[in-house]
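Okay, thanks everyone, I'll keep this short. Let me put the sequence and the model up, and then we can walk through it together.

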Amino acid sequence: MGVTSRLIEWVPGLPAKEMEEAWDRFLGEYAGLILQVVHLFERDSDRVDDCFLFVCEQLKKDRLRRLRRFEANGTATFSTWLRAVVRNLCLDWRRQRFGRPRIFRSIARSPPRNRILAVCCGLVD
């Protein structure tokens, strides 16, 4: 069991001051990994900062609720699991900021051949 697993197990009963210390240790160890994943979604430095902050806020929320959901006996290592969680949070951040990508209604109702043409012409993603 790694340091992070042990840290997460005893988080629920921690006083606020020790909780902050635990969070600081977690960030010291995993900020680089979190930033790696954020950079897969954003290139602009301001957006990277905003997304990183959002991810950290969500991870810290409810006394590290998301982090405590990691199962040490599961099939993934903590870092692999954390990458997946951060990826999902990055998607949440993008949806909040830009919304979900949608196809124009007129294109969605058109025959499949026309939809393919719209994709090829760059009218939709």
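Predicted model: local features only at pLDDT ≥ 70, side-chain atom pairs only at ≥ 80, totals over all residues.

Let me start with a term: when I say salt bridge, I mean a side-chain nitrogen of Lys or Arg within 4 Å of a carboxyl oxygen of Asp or Glu. Residues are numbered from 1 along each chain as its sequence is written, and side-chain values use heavy atoms, with hydrogens and water left out.

So, the overall picture. The protein chain has six helices and zero strands, where helices are DSSP runs of H or I with at least four residues, strands are E runs of at least two, and numbering goes from the N terminus. Of its 125 residues, 32% are buried; that's under 20% relative accessible area, with exposed being over 50% and partly exposed in between, using a 1.4 Å probe and protein chains only.

Now, what sits inside? The largest nonpolar core has 26 residues. By that I mean buried Ala, Val, Leu, Ile, Met, Phe, Trp, Tyr and Cys joined through side-chain atoms within 4.5 Å. Helices H2 (16–41), H3 (45–68) and H4 (78–98) each put in at least two residues, and H3 gives the most, with nine. Leu59 is among the residues with the most contacts inside the core. Skipping neighbours within four places in sequence, Leu59 is in contact (heavy atoms within 4.5 Å) with residues including Trp23, Phe26, Ile34, Leu82 and Leu89.

Back to the charges. How many salt bridges does the rule give? Six. Glu20 pairs with Lys60, with the closest N and O atoms 2.7 Å apart. That one joins helix H2 to helix H3, 40 residues apart.

Then there's Glu42 with Arg94, at 2.2 Å, N to O. Glu42 lies in the loop between H2 and H3 and Arg94 in helix H4, so the pair ties together parts that are 52 residues apart in sequence. Buried or exposed? Glu42 is buried, at 3% relative accessible area, while Arg94 is partly exposed at 28%. Arg47 comes in here too, linked with Glu42 and Arg94 in a salt-bridge network.

Last pair: Asp50 and Arg97, at 3.3 Å, N to O. Asp50 is in H3 and Arg97 in H4, so this bridge ties together parts 47 residues apart in sequence. Arg97 is partly exposed, at 43%.
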